[in-house]
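Me: I have a structure open and want to go through it with you bit by bit. Can we begin with how the chains meet, and then move on to what lies inside?

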Amino acid sequence: MNIRLHFYYFFTFLLTSNYIISQKKIDAGEIHGDFQTDFQTYRADSSINATAVPEKSGSNSYLNLMYYRDNITAGGRFEGYYPAMQGFDRRYKGGGIPFRFINFKHHGLDVTAGNFYEQFGNGLTLRTYWEWGLGYDNAFDGFRIRYTGIKGVVIKGLIGDQRFYFDKSAGKVRGADAEIYLNDLLPFLDSSATRISLGGSFVSKFEADKNPTLTLPENVSCYGARFNITRNNFNITSEYAYKINDPSEINGNIFKKGDALWLSTSYSPKNFGIVAQFKRLDNMNFRSARSATLNDLMINYLPAGTPQHVYRLASIYPYATQPNGEIGIQLDMMYRFDQGTLFGGKYGTKISVNYAMVNNINKTPITPEEIAKEPNAKFLGYTSSLADDFKIDKNGIHLGGHMLYRNLSFELNKKLTEKWKFNTAYIYLELDNKVVQVSPFKNIIRAHVLVVDVSFKIKPRKIARMELQHLYSRQDFGNWGTFLGEYSIGNSWFFSVLNDFNYGYLTDSKPQGIEELYKEPTHYLSGTIGYNKKTTRVSLSYGRRRAGVLCVGGVCRLVPATDGLTLTVSSSF
Amino acid sequence: MQFIKKNLLLVFICLLFSNILQAQSGRKLPEIDLKDITGKNINSKSILNDSGLTVIDFWATWCKPCIQELDNINEVFPTWVKETGVKFVAISIDDARNIAKVAPIANSRGWKYHILIDSNGDFKRALNVNNIPHTFLLNRNGEIIWQHNSYNPGDEDELFELIKKETLKN
């Protein structure tokens with residue numbers, strides 16, 4: 001309560017000082033910020049398993065406020081949960097200022113005290129970021145220095161605790177990173193068409209050992225090395241990270257070392273693009289508390305290496321990175337048929353294809369002989385290697401063990417006339433839900449999704465759009481049909497109607513213990529009105545929403561089914 | 001009821017506040033390190049147009065309206081450049097998962113923009129961008145004179161009118 005009161009005083013002060021400053025016309029800096037508030041009401045609705053909430057509503061809000069003057073920036077974020085909306089962790093409770101910082105820059109030196117976000121390389125060793133829609137924030141609270149005073153070199157060092165809801169981690173994190181852009185550093189490479197950058201990072205976390213029986217490593221270090229080479233339209237980049245033994249809740253308290261390899265290459269001359277990626281993760285869960293689970297206290301970021309689908313039904317079964325072990329590849333191809341060609345027609349045609357696969361890695365159990373030789377070997381859990389996961393025989397190349405995820409998708413994008421635009425997509429998905437766990441059905445899910453997306457320009461600035469989607473599956477909750485109709489007037493008003501229709505699951509495949517989740521064929525109908533002006537956006541929705549997983553960048557959150565009203569207001573200034 | 005009141009109060013204060021602050025003109029770009037598609041560090045100060053206006057547009061490979069906006073502007077972009085000399089900087093907020101797709105998407109679609117990457121959202125946060133696409137127009141002095149959130153087809157005509165008007169002003 002006290003904090004909130006202070007916050008209002010702070011506002012009043014800023015407001016008044018702003019008036020005074022504008023009168024005197026002195027350079028007193030600038031104030032900027034942004035905010036969003038989401039408010040949702042809940043009503044019990046047994047036909048979709050929406051439960052009642054005692055408060056009957058939930059609301060999440062934040063306001064960022066930043067002050068800029070010359071080379072100094074200071075700011076903070078107020079967050080309030082009254083109470084947290086359904087699907088968000090209940091440890092987000094009440095209001096507070098979990099993020100505040102001061103930063104100054106001077107001759108290539110950049111110093112931050114307080115809270116900050118940072119990423120080393122691809123994030124395999126360290127990445128903190130904020131994703132409001134997921135309730136994800138693993139910001140550091142501490143001290144960071146970056147130095148860019150030498151041309152072609154970036155050096156960073158940091159130390160701090162991590163954010164844990166309205167609290168902090170018990171563990172401390174320390175890290176350093178250096179990146180060299182060779183073409184800037186070495187004069188003879190200055191004009192070379194080949195651009196090369198190299199980087200290395202070191203991260204260490206400390207957490208006291210309070211275990212009465214085992215001797216746990218109190219300091220766990222993680223190293224990373226990376227490169228990026230670009231020549232004209234060709235690029236290749238890779239990062240390898242290695243972590244010493246780090247027993248934790250997630251890995252089953254084993255003492256094995258961990259590593260991660262990420263390799264990505266692309267080629268894209270005019271009208272064409274191809275991307276190929278490979279990754280392998282082995283025991284790479286890295287958090288500032290051994291007991292942390294879910295999305296809590298992650299120090300590193302392990303990219304999913306699978307496509308990020310935008311259509312509703314294609315994103316029902318998203319893949320989430322398995323830090324304990326996975327191996328996979330992804331291929332993307334895109335092509336644009338020019339205007340005036342056979343396939344291009346009058347306005348051109350765009351097509352794209354994606355194939356992604358992820359398997360688990362082969363883990364060899366520790367044998368009794370090994371334990372007889374070295375008693376401590378029993379704590380290692382298993383042994384594994386890249387070589388074990390890469391086999392070639394007469395049937396082809398085999399990566400890792402059993403299937404975790406498959407995706408094969410095609411998309412075609414075409415402007416038919418000045419007024420009509422057409423988009424269609426087919427997506428095939430396969431997911432091992434015992435491991436990935438995106439719904440209560442604990443088995444392999446296979447789904448075919450077809451999308452047709454048409455937009456029509458009624459008059460300039462008046463656009464109608466319609467999406468028809470269908471998902472066919474013999475597993476989980478069966479089939480889904482989606483209708484989405486949108487109408488927008490210029491960039492200000494926006495109206496939409498959405499219906500997700502769930503039907504046709506196989507009654508005999510109802511998994512035991514969760515039969516009550518299976519209902520009669522159900523419509524999830526909702527409507528939205530939105531208004532936009534400059535940077536302010538207001539939207540109001542009413543209706544049912546299906547339960548599901550919301551994912552951003554490979555990090556996911558489960559959202560229960562709800563029925564009610566949702567209001568969102570956001571703005572920046 | 002009390003928490004609804006509190007929330008409404010907060011929203012009200014924010015709106016009031018943002019109105020007052022929107023009146024303060026000429027925000028300068030914050031100094032943040034970005035990357036180009038070769039992995040080179042680029043300071044946000046150096047992305048400005050030396051001789052005219054600059055458009056900064058935040059997008060991502062997974063954002064459909066963003067790609068639609070960039071495709072649509074790309075069709076008329078040669079005219080924009082010819083008539084006003086405007087510079088267009090498209091800043092991707094993709095993280096490691098999709099960064100490798102940024103250049104192939106831009107090249108395969110024939111985009112003629114300067115493509116930069118803000119992979120951990122530092123620039124996005126510094127400019128208080130909460131949703132994408134988010135478009136900024138900067139004048140010759142590097143001050144933000146207009147910004148807009150979201151995209152609907154046809155919005156680019158409004159932006160071009162503004163660019164023409166501002167170019168004549170200078």
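Predicted model: local features only at pLDDT ≥ 70, side-chain atom pairs only at ≥ 80, totals over all residues.

Me: OK, what area is buried between chain A and chain B?

Reply: About 6900 Å² is buried between chain A and chain B, and carbon and sulfur atoms give 53% of that. On the chain A side, the residues that lose the most area to chain B are A:Gln308, A:Asn491 and A:Phe573, together 9% of what that side buries.

Me: And how many residues does the contact take from each chain?

Reply: Chain A gives 100 residues and chain B gives 65 residues, where contact means heavy atoms within 4.5 Å.

Me: How many salt bridges are there between chain A and chain B?

Reply: The count between the two chains is ten, taking a salt bridge as a side-chain nitrogen of Lys or Arg within 4 Å of a carboxyl oxygen of Asp or Glu. Among them is B:Asp71 with A:Lys350, whose closest N and O atoms are 3.3 Å apart. B:Lys64 also forms one with A:Asp453, at 2.6 Å between the closest N and O atoms. B:Lys64 lies in helix α2 of chain B and A:Asp453 in strand β27 (residues 444-459) of chain A, so this pair joins two chains; helices (H or I, at least four residues) and strands (E, at least two) are DSSP runs, numbered from the N terminus.

Me: Are B:Lys64 and A:Asp453 buried or exposed?

Reply: B:Lys64 is partly exposed, with a relative accessible area of 29%, whereas A:Asp453 counts as buried at 5% relative accessibility. The cut-offs are under 20% relative accessible area for buried, over 50% for exposed and partly exposed in between (1.4 Å probe, protein chains only).

Me: Which residues are joined into one network by salt bridges that share partners?

Reply: The network consists of A:Glu118, A:Arg144, A:Arg146, A:Lys156, B:Asp122 and B:Arg125. Within it, the side chains of A:Glu118 and A:Arg146 meet at 3.7 Å, N to O, and both of these residues are buried.

Me: Switching topic, which residues have the most contacts inside the largest nonpolar core?

Reply: B:Phe58 and B:Trp59 do, in a core of 66 residues. A nonpolar core here is a set of buried Ala, Val, Leu, Ile, Met, Phe, Trp, Tyr and Cys residues joined through side-chain atoms within 4.5 Å. Helix α2 (residues 64-84) of chain B supplies the largest share of this core, six residues.

Me: What is B:Trp59 in contact with, leaving aside its neighbours within four places in sequence?

Reply: Its contacts include B:Cys66, B:Ile67, B:Leu70, B:Val102, B:Ile105 and B:Trp111. Of these, B:Val102 and B:Ile105 are buried residues of α3(B).

Me: How many residues of helix α3 of chain B are buried?

Reply: Eight of the ten residues in helix α3 (residues 99-108) are buried, so this helix is mostly covered. Just after α3(B), B:Gly110 takes a positive phi of about 70°.

Note on methods:
Residues numbered from 1 in each chain as written. Chains lettered and ligands numbered in written order. Heavy atoms only, no water. Buried area = accessible area lost by both parts, 1.4 Å probe.
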